[in-house]
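Thanks for coming, everyone. Please look at the screen while I walk you through one chain.

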Amino acid sequence: MAPILALFSVCDRRTSAYPSHRSSEATVFSLGYLVRTWETNLFSDSLTMAQVEKRGGLLRKSSASKKPLKEKVVLMYDEIFMTEDPSKCSPRFWEELFLMKVNLEYLEGKLESLDGEELMKIKDNINCLFQHCIQALGEEHPIRVVNALQTLCALIRGVHQKNKSTSGFDIINMLMGFDKAELCMKNLMESLDSLLCAEGSESLKSLCLKLLLCLVTVTDNISQNTILEYVMINSIFEAILQILSHPPSRREHGYDAVVLLALLVNYRKYESVNPYIVKLSIVDDEATLNGMGLVIAQALSEYNRQYKDKEEEHQSGFFSALTNMVGSMFIADAHEKISVQTNEAILLALYEAVHLNRNFITVLAQSHPEMGLVTTPVSPAPTTPATPLGTTPPSSDVISSVELPLDADVQTSNLLITFLKYSSIVMQDTKDEHRLHSGKLCLIILTCIAEDQYANAFLHDDNMNFRVNLHRMPMRHRKKAADKNLPCRPLVCAVLDLMVEFIVTHMMKEFPMDLYVRCIQVVHKLLCYQKKCRVRLHYTWRELWSALINLLKFLMSNETVLLAKHNIFTLALMIVNLFNMFITYGDTFLPTPSSYDELYYEIIRMHQSFDNLYSMVLRLSTNAGQWKEAASKVTHALVNIRAIINHFNPKIESYAAVNHISQLSEEQVLEVVRANYDTLTLKLQDGLDQYERYSEQHKEAAFFKELVRSISTNVRRNLAFHTLSQEVLLKEFSTIS
């Protein structure tokens, strides 16, 4: 009752303050709507109805003495589901319908309850309702527009739900008729475009985006959704960009806009020319690209914050106290319980931006000037008001000499850092299907970044140093690194750390071969850039070498099990060629001569692993089995590594014998290495600094089709059209000018 009294008060004040004809009309309209709404919803607001009663549109339970009382809008829906035109007996039927509060559940349920034959009988009425909804979108009073938008959502979902097995053409015919489809969809898209671009109600914009998301995700496979052909022809791309470039709209609707764009880009992307792909690839407006980056950064940052909160809660709980008493033998199992819903939709948006638009690469390193960016995700994970994304990093000319704060949240100062932190979380546990997809997509994004010349330039820039606190999987044999020990380094160091972390932590029975291949490819592409541009990166290369050798040892020790599922020689060849890259070109990109010496020391120290690998591939390459060719390639690739081992080992043994030392120190071995470089002969291997560039269409199409299907299902499941209560709408629309 309070909102009703409030509106009477508002209308009374406006009439006295603005005695104009327009104001009086608006007041009368508001009062007229108020009376109808109050008349219809008086009982429903005072009763708590069961779900079944809501679905049936009942205002009270039936009894022996009284008939069940239905909402007026439900009675009007029932008239539409008759075979006759409801406006014959009531000329103002359609006008009154959009003054009624929409009952989404009843309308969708009614459509689903009809069989195909019954639905065809009322096709003309459904077409008429669809057309009148579109007409109502042009009304001046927003209440009619809101009700029309919600009715369209219910119609589209209800008809699609009923016609899952039929073709998209049948659904178009059922909703609007073949003969009027083109004009209907043109008018609909133009109306939605106008509403999204207008400086009007934020609630209307929100409903417009939800209607579009409903339209796009109504089928699991969006490429089979024929209605989207009209969305391609009547583009809303510019409206989406306007939302992203305008800070107030971006804060309210940025998330939905970015997810919508990511889905539209994936409509039949391999089969025809998608205008959204073409337009996204040439966007060069800085405000728009930065706006998109801010929305993505906020969504990923929110995920990181939720994970950190759960992690801290977990560590301070009972289990943490228990593990302190009995040791860390269960720490890995305990960590698996820390789980936050992944966000593949926003990750897909980041991928499309990075992959399609070279101008977006600059956004990855942009600082976040906007604090407290708030969005409303479609994802099922409940969101809370966002924390600030961090401070603006110092300018490039002073950043190397300024100590950045140690606080991990403050340190998250650009999109790439936020993305790396997100990746370090989702790549920890690849047993879950969603995390596996997220981990794979993270590596694909990193692959695109590692191939880009400009991205590599700022990744390796010595004047852009950051302290990136990646999440590390708890393991029994290592302690958690203290945040305060993290040095400020170029961003490429964080990328390499992430790759090393993945290599070390995923040697398991369910071996993620595909992810390992992508991981090694990212490292290789970064090394190719360093070799090409002679970038001497100060990095702890030993950690990478050690991780790669341990991975080779794992492949050999699990040869039988892994060969039953994977071609392990492809991965082994990539690892060996990484070492060949260091051996052949290391003097051009390793930071110091001593780093090159340490490379030889590691190869000599771990010579047994390389000897065992050579024995394994030699055995398989001399047999006429399925792995003969693959194993032979590894055999040939090992030639320089074996030459180093065979050259230096006798010299080291001789040095130990002459000096009567049973076990040489590292420095003594290095002394022998340095003294015998001149007599070492190596073969020049071609193609070590070449790689095949990433191609989505030829190799990743199946993955993206499945990923988009999963995202579409998830978005549809979590769309809510009834979140705007009648009280909220009355309050917002009571100030009619």
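At what angle do helix H27 and helix H28 pack, and how far apart are their axes? Helix H27 (residues 513-533) and helix H28 (residues 541-557) pack at about 145°, with axes 13 Å apart. Axes here are lines fitted to C-alpha atoms, for helices over the stretch in contact, and angles run from 0 to 180 degrees between N-to-C directions. Helices (H or I, at least four residues) and strands (E, at least two) are DSSP runs, numbered from the N terminus.

A word on the source. This is a predicted model, where local features need pLDDT of at least 70 and side-chain atom pairs count only at pLDDT 80 or more, while totals for chains, interfaces and linings use all residues. Residues are numbered from 1 along each chain as its sequence is written, and side-chain values use heavy atoms, leaving out hydrogens and water.

Back to our pair. H27 passes H28 in a left-handed crossing; that is, the near helix is turned anticlockwise from the far one by less than a right angle, where clockwise would be right-handed. From H27 come Tyr516, Ile520, Val523, Leu527 and Gln530. They meet Trp541, Leu544, Leu548 and Leu551 of H28. Contact means heavy atoms within 4.5 Å. By class, that contact of H27 with H28 has eight nonpolar residues, one polar and no charged. Nonpolar covers Ala, Val, Leu, Ile, Met, Phe, Trp, Tyr, Cys and Pro; charged covers Asp, Glu, Lys and Arg; the others, Gly among them, are polar.

Now a second pair. Helix H17 (residues 286-315) and helix H20 (residues 344-356) cross at roughly 145°, and their axes come within 10 Å. H17 also passes H20 in a left-handed crossing. Met292, Ile296, Ala299 and Leu300 in H17 touch Ile346, Leu347, Ala349, Leu350 and Ala353 in H20. This contact of H17 with H20 has nine nonpolar residues, no polar and no charged.

Let's step back to the whole chain. The protein chain has 38 helices and two strands. Of its 737 residues, 55% are buried. Buried means under 20% relative accessible area, exposed over 50%, partly exposed in between (1.4 Å probe, protein chains only).

Which residues touch the most other members of the largest nonpolar core? Phe360 and Phe569 do, in a core of 236 residues. Helix H30 (residues 568-589) gives the most to this core, with 15 residues. Such a core is a set of buried Ala, Val, Leu, Ile, Met, Phe, Trp, Tyr and Cys residues joined through side-chain atoms within 4.5 Å. Now helix H23 (residues 415-426). It has 12 residues and reaches 16 Å from its first C-alpha to its last, close to the 16 Å expected at 1.5 Å a residue. That expected span is 1.5 Å times one less than the number of residues. In H23, 12 of the 12 residues are buried.

Compare helix H9 (residues 142-162), with 21 residues. Here 19 of the 21 are buried. Leaving aside neighbours within four places in sequence, Lys162 is in contact with residues including Leu111, Asp115 and Gly116. Lys162 and Gly116 are 46 residues apart in sequence, yet 8.0 Å apart in space, C-alpha to C-alpha.
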